[in-house]
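Have it open beside you as you read.

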Amino acid sequence: MQDKILRKFFLGFIQIHILHHGKEEPFYGAWMIEELIEHGYDISPGTLYPILKDMTQKGLLEKEEKIVKGKIRKYYTTTELGETILVEARKKAYELFRELKDD
Ligand SMILES: [Zn+2]
């Protein structure tokens with residue numbers, strides 16, 4: 001139960017994370033998993049890929065296929081819409097952080 005609630009919260013944080021990195025430079029799924037693990041999220045490809053797919057369908061990310069060492073690799077970049085959402089989410093995250101850190 002607790003796990004389920006936290007997962008739902010983290011889903012939002014993870015999406016903000018994805019938008020932030022996709023804005024810096026194109027990334028691929030396996031890279032993002034490593035990145036999120038480093039940040040303390042326990043995430044599997046089975047969780048991440050549907051998130052990326054969903055965010056692409058919503059127009060927050062753009063997908064581009066590149067051939068790397070003879071294999072097709074999908075790179076994701078944050079779209080203009082994604083950046084707009086990120087700006088809003090950042091404001092809210094910052095505000096929340098400010099309030100929480102004073103406790
Ligand atoms: Zn990061």
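1. Let me start with E88, which comes out as partly exposed, at a relative accessible area of 38%. Keep in mind throughout that this is a predicted model. E88 has a salt bridge to K91, with the closest N and O atoms 3.1 Å apart. Both sit in helix α4 (residues 80–101), and being three residues apart there, they are separated by about one helical turn. K91 itself is exposed, at 52% relative accessibility.

2. E88 has another partner, K92: their side chains meet in a salt bridge at 3.9 Å, N to O. The cut-off for a salt bridge is within 4 Å, so I'd note that value when you look at this pair. K92 and E88 are four residues apart in helix α4, again about one helical turn, and K92 is exposed at 58% relative accessibility. Put together, E88, K91 and K92 are linked in a network of salt bridges.

3. Now the metal. Which residues coordinate the zinc ion? They are H17 (NE2), H21 (NE2), E35 (OE) and H39 (NE2), at 2.0 to 2.4 Å. Along the sequence the donor residues follow the spacing H-x3-H-x13-E-x3-H. H17 lies in helix α1 (residues 2–24) and H39 in the loop between α2 (29–38) and α3 (45–57), so this pair ties together parts that are 22 residues apart in sequence.

4. Two more things about that site. The angles among the four donor atoms run from 75 to 167°, and the site of the zinc ion is irregular. To count as tetrahedral, all angles would have to lie between 85 and 135 degrees. As for cover, H17 is buried, with a relative accessible area of 16%, while H39 is partly exposed at 46%.

5. Have a look at the aromatics as well; the count is five aromatic pairs. One of them is F10 with F13, a tilted pair at 6.1 Å centre to centre and 35° between the planes. F10 and F13 are three residues apart in helix α1, about one helical turn. F10 is partly exposed at 32% relative accessibility, as is F13 at 39%.

6. F10 also pairs with Y41: the ring centres are 5.5 Å apart and the planes at 80°, so the pair is edge-to-face. It links distant parts of the chain, with F10 in helix α1 and Y41 in the loop between α2 and α3, 31 residues apart. Y41 counts as buried, at 15% relative accessibility. F10, F13 and Y41 form one aromatic cluster.

7. Then there's the surface. A nonpolar patch of about 620 Å² is made by M1, I5, L6, F9, F10 and F13. F9 is placed in helix α1 and is exposed, with a relative accessible area of 53%.

8. Last, D42. Is this residue buried or exposed? D42 is exposed, at a relative accessible area of 72%, and is found in the loop between α2 and α3.

Conventions: Residues numbered from 1 in each chain as written. Predicted model: local features only at pLDDT ≥ 70, side-chain atom pairs only at ≥ 80, totals over all residues. Heavy atoms only, no water. Donors = N, O, S within 2.8 Å, 3.2 Å for Na, K, Ca; no water. Tetrahedral: all angles 85-135°; square planar, octahedral: opposite > 155°, others 65-115°. Helix = DSSP H or I, 4+ residues; strand = E, 2+ residues; numbered from the N terminus. Buried < 20%, exposed > 50% of the residue type's maximum accessible area, 1.4 Å probe, protein only. Patch = residues over 30% accessible without salt bridge, like charges linked within 9 Å, V, L, I, M, F, W, Y side chains within 5 Å. Areas by Shrake-Rupley, 256 points an atom, 1.4 Å probe, with all protein chains shown as cover. Phe/Tyr/Trp six-rings, centres within 6.5 Å; stacked < 30°, edge-to-face > 60°.
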